[in-house]
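Let's take a friendly walk through a protein model.

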Amino acid sequence: MHIHQGILSDLLPQVQIVVMIGSRASDHLRELARIAEFKGRAAYRIETASELQPRWFSGVEEVGIVVGATNLEPVVSAVVDRLKQFSAAQDKGMLDGLAQ
């Protein structure tokens with residue numbers, strides 16, 4: 001078992017969906033997404049924070065983030081910031097109207 005698979009297995013019971021950051025060409029992230037979906041969790045593979053869609057998070061309380069490659073810290077930070085925006089909008093009942 002690859003280390004990410006073990007971490008993902010530990011993460012899945014704690015979250016409703018998983019955002020996977022990395023290359024769309026990554027076979028590794030594709031496999032992790034398959035595992036998450038097999039375990040009943042939605043898995044969204046993205047390369048940038050701008051790809052996040054507010055509708056993915058409607059009614060979601062816990063989101064897991066998996067990073068498929070190194071040196072993605074600026075992207076991870078941008079994703080976390082965008083998720084915080086979605087959370088604040090959801091708390092105010094404005095998630096559906098949040099700009100994409």
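## Starting at Ile 21

Begin with Ile 21, and set aside its neighbours within four places in sequence. This residue is then in contact with Leu 29, Ile 46, Ile 65, Val 66, Val 67, Gly 68, Ala 69, Leu 72, Val 75, Val 76 and Val 79. Keep in mind that you are looking at a predicted model.

Ile 21 also belongs to the largest nonpolar core, which has 14 residues. Which of them touch the most other members? They are Val 19, Ile 21, Ile 46, Leu 52, Phe 57, Val 79 and Leu 83. Two elements, β1 (17-21) and α3, each give two or more residues to this core. The largest share, four residues, comes from α3. Apart from this core lies another one, of 13 residues, with Met 20, Leu 29, Ala 33 and Ala 36 among them.

## The overall plan

Now zoom out. The protein has three helices and three strands, and from the N terminus on they run α-β-α-β-β-α. It has 100 residues, and 37% of them count as buried.

Here's a number about how the chain folds back on itself. Take the contacts with a separation of 6 or more: 70% of them are accounted for by residues 24 or more positions apart.

Helix α2 covers residues 27-38.

The buried residues of α2 are Leu 29, Leu 32, Ala 33, Ile 35 and Ala 36. They cover an arc of only 160 degrees around the axis, so they sit on the same side of α2. There's a handy rule behind this sort of pattern: an α-helix has 3.6 residues a turn, so residues three or four places apart point the same way. On the face turned away from the buried side, you'll find the exposed residues Asp 27 and Phe 38.

Ser 26 caps the N-terminal end of α2, with a side-chain oxygen 3.3 Å from the backbone nitrogen of His 28. After α2 comes Gly 40, which has a positive phi, near 90 degrees.

## Rings that pair up

The structure holds three aromatic pairs. One of them is Tyr 44 with Trp 56, a stacked pair with 3.9 Å centre to centre and 5 degrees between the planes. This pair links distant parts of the chain: Tyr 44 is in strand β2 (residues 42-46), while Trp 56 is in the loop between β2 and β3 (63-67), 12 residues apart. Trp 56 has 16%, so it counts as buried, the cut-off being under 20%.

Another pair is Phe 57 with Phe 86, and this one is tilted, at 5.4 Å centre to centre and 40 degrees between the planes. Phe 57 is in the loop between β2 and β3 and Phe 86 is in helix α3 (residues 73-91), so the pair links distant parts of the chain, 29 residues apart. Both partners count as buried: Phe 57 has 4% relative accessibility, and Phe 86 has 1%. Ring pairs join Tyr 44, Trp 56, Phe 57 and Phe 86 into a cluster.

## Two polar residues in loops

Glu 51 lies in the loop between β2 and β3. Its relative accessible area is 19%, so Glu 51 is buried. A polar atom of its side chain lies 2.8 Å from the backbone nitrogen of Glu 47. Leaving aside neighbours within four places in sequence, Glu 51 is in contact with Arg 24, Arg 45, Ile 46 and Trp 56.

Finally, find Ser 23 in the loop between β1 and α2. Ser 23 is partly exposed, with a relative accessible area of 38%. A polar atom of its side chain lies 3.0 Å from the backbone nitrogen of Ala 25. Not counting residues up to four places away in sequence, Ser 23 touches Leu 29, Arg 45 and Glu 47. Ser 23 and Arg 45 are 22 residues apart in sequence, yet 8.2 Å apart in space, C-alpha to C-alpha.

Conventions: Residues are numbered from 1 along each chain as its sequence is written. This is a predicted model: local features need pLDDT of at least 70, side-chain atom pairs count only at pLDDT 80 or more; totals for chains, interfaces and linings use all residues. Side-chain values use heavy atoms; hydrogens and water are left out. Rings of Phe, Tyr and Trp (its six-membered ring) pair if their centres lie within 6.5 Å; planes under 30 degrees apart count as stacked, over 60 as edge-to-face and the rest as tilted. Buried means under 20% relative accessible area, exposed over 50%, partly exposed in between (1.4 Å probe, protein chains only). A polar contact is a pair of N or O atoms within 3.5 Å; within protein, one must be able to donate a hydrogen and the other to accept it, and residues adjacent in sequence count only if both atoms are side-chain atoms. Contact means heavy atoms within 4.5 Å. The expected span of a helix is 1.5 Å times one less than its number of residues. The arc is that of the directions from the helix axis to the C-beta atoms. A nonpolar core is a set of buried Ala, Val, Leu, Ile, Met, Phe, Trp, Tyr and Cys residues joined through side-chain atoms within 4.5 Å.
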